[in-house]
Amino acid sequence: RLVEGEGWLPERGRVLVTARPFPRFRYGDRLELRARLEVPQAAGFDYREYLARRGIVSVAAFPEIRRTESGSGSALTAAIIGFRDSLGSRLSHALPEPEAALARGILLGQRASIPRDVNEAFNAAGISHLIAISGSNVSLVAALAFAALTWPLGRRRAIIAAMALIAAFVVLVGASPSVLRAGVMAVFMLGSVLAGRPGSPITAVAFAAALLTAIEPLAALDVAFQLSFAATLGLVLLSPRMAAALSGAFGRVVPAPLALWLGESVAMTLASSLAVYPIIAANFERVSLAALPANILAVPLFGAVVVTSALTAVAGLAFESAAPIIGAFALLPLSLLLAVARGFAALPGASLEVRGFAAEAALALYAALALVAFAFWRRRPPEPAQERRLRLSPALAASLLALAVAATAWYRALAPDPGRLVVTVLDVGQGDAVLIRSPSGHTVLVDGGPSGPALLNALGAEMGSRRRIDLVVLTHPQLDHVGGLVAAVERYDVRAAAAGASFSDLPAYLAWRQALGEERAALRTLTAGETARLGAARLEVLWPASSLLSGTRDDLNNASLVLRLTYGSVSFLLTGDIASEAEEALLGATGSLQATVLKVAHHGSDTSNSPEFLAAVRPSLAVISAGDNNPYGHPSPTTLLRLAGVPVYRTDRNGAIRFETDGRRLYVRPSRGSHQLVPVSAIR
């Protein structure tokens, strides 16, 4: 409904609303929005038509939102969403990012949190179909259900149970067109087996297409729908004969079982790729050249990912403490799958740009493919080989996986402790987040950046499967510092939290306070003079001093916590977002401010980092945390000029910047760019 004049009027159509991450809303909440409705604008393609096919007629950006009611939705839908969210939560707690996001996307269809760089790597490598719930997932569900239930229930009852599980899986993951197509086909084929009639793949494809377009005629115009059916037709029409021909060719150089496996793998990848290339080229003007070798490596890993991720999620529901243990078995294939995607995406010429590829050219290609398919089907099929498959028993596969996981765990456990302090300025976009790991094993997180997913991905890269954070420190309650901390508290075992005296009604800050309460993590207020021992390292609060806070308390930036971390002869000064007023007060209120590494205040703003303050700090190195192409122009050219002569690292150019020190020497390891060793003699 919408307001026009004096009252509410009913209206049809959907509105796509872009909202801030906090406060959070759930299914069943009834919301009242005050917004300007706008017609969708072009975004490199006909975005308006794309949304119209989904019933969306207007868009609204960042409206005022008021929750008027909760729990008003369907109880059944709420239960399904709650169950799916519970499975996703167990995966999130058992796995680091981005592996957890990848597992949620593959198993549950929750793709929104998969990082952009991971999506781009899968697209460039030509294996993006693996993270879209489709026929592969449904086929695995059907095969596993039938294999597990045949012995206790018998063959006929196992088929019926498998059909029911497929229907439940389709509902659980959201019933997108590709999932519906795969589900309808799987149920159709199992039903034909149950009825004692031969199942025809072509008939199943035609039946699924007719059923889905009858329910939603506009689905035929959806690119995902077209790709799903094109890939299936390619597998049905081209793959069997191609597999026979390729197996025979491979059989001349490798043993028969390996030749059969290679032939089937290459044929399935080649057939589905050829079938979708014209649609991809016409719609996205780019095709992947790395798809064939990437899929040969990725498809076997995909099966292992689905099985181990499902076991991790279900085990987490039954026994929460067991999820991380089983998650170790899921982490290995997930990491290998990520490595395959990134490795092939990084190859020169991994994808080819084909601008101006029109629908007529796509139709011409499909005509050529139809002739190839017809030629393949007219050929007499080769005699079947004596050994049909390369068999790997489930027990042997599980043993090999357990051996690999155990070897990885023991390697990490027995790796020598370098006795170093590690300080990493995380790349979280336009915001601050600093991770400290002391030589004694303590972990401290200072700020969390603006985004939960960005922080979790950065922490996953640094911490791996480690789940404990001893202390979370918030320098001041602004979104670019507190936004990601809600996710950190929810996903990690946070033992304690600390913040300055500032308070805010910012939704993200209130959500962080609420999350701390739910996790029973103590929160204390810090002022100047307090210290914490991290083994041989020392963390000291320099600002704000309670006696000097008047006049800055209402200014969140100037009331930022300022911390100094010291280990041996090396020190780090973390300045939050303080401006020149706080810098001036610091110069007159404390002793030496000298530090080896300066985390430049307020992302390099010219309202901070005065020449007098920089002269007092005398840094050997400086690091600036800022987002790429941020709207504030950070870091300011003025600040960079003031830092002339000091090596400056920036997260927008160098990615995450890791500093490692034994107390005498300092190693700088940016994720992009060259590494640097600063010996003690070079430290000012």
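User: What share of the protein's accessible surface belongs to carbon and sulfur atoms?
Analyst: The accessible surface comes to about 34100 Å², by the Shrake-Rupley method with a 1.4 Å probe and only the protein chains shown as cover for residues. The model is predicted, with pLDDT of at least 70 needed for local features and 80 or more for side-chain atom pairs, while totals for chains, interfaces and linings use all residues. Residues are numbered from 1 along each chain as its sequence is written, and side-chain values use heavy atoms, without hydrogens and water. The carbon and sulfur share is 60%.

User: How much of the protein is buried?
Analyst: Buried means under 20% relative accessible area, with exposed over 50% and partly exposed in between (1.4 Å probe, protein chains only). Of the 684 residues, the buried share is 44%.

User: Is W8 buried, partly exposed or exposed?
Analyst: W8 lies in strand β2 (residues 7-9); strands are DSSP runs of E, at least two residues, and helices of H or I, at least four, numbered from the N terminus. Its relative accessibility is 42%, so W8 counts as partly exposed.

User: How are α8 and α9 oriented?
Analyst: The axes of α8 (residues 201-215) and α9 (residues 223-237) come within 10 Å and cross at roughly 165 degrees. Axes are lines fitted to C-alpha atoms over the stretch in contact, and angles run from 0 to 180 degrees between N-to-C directions. Angles under 35 degrees count as roughly parallel, over 145 as roughly antiparallel, 65 to 115 as roughly perpendicular and the rest as oblique. Therefore α8 and α9 are roughly antiparallel.
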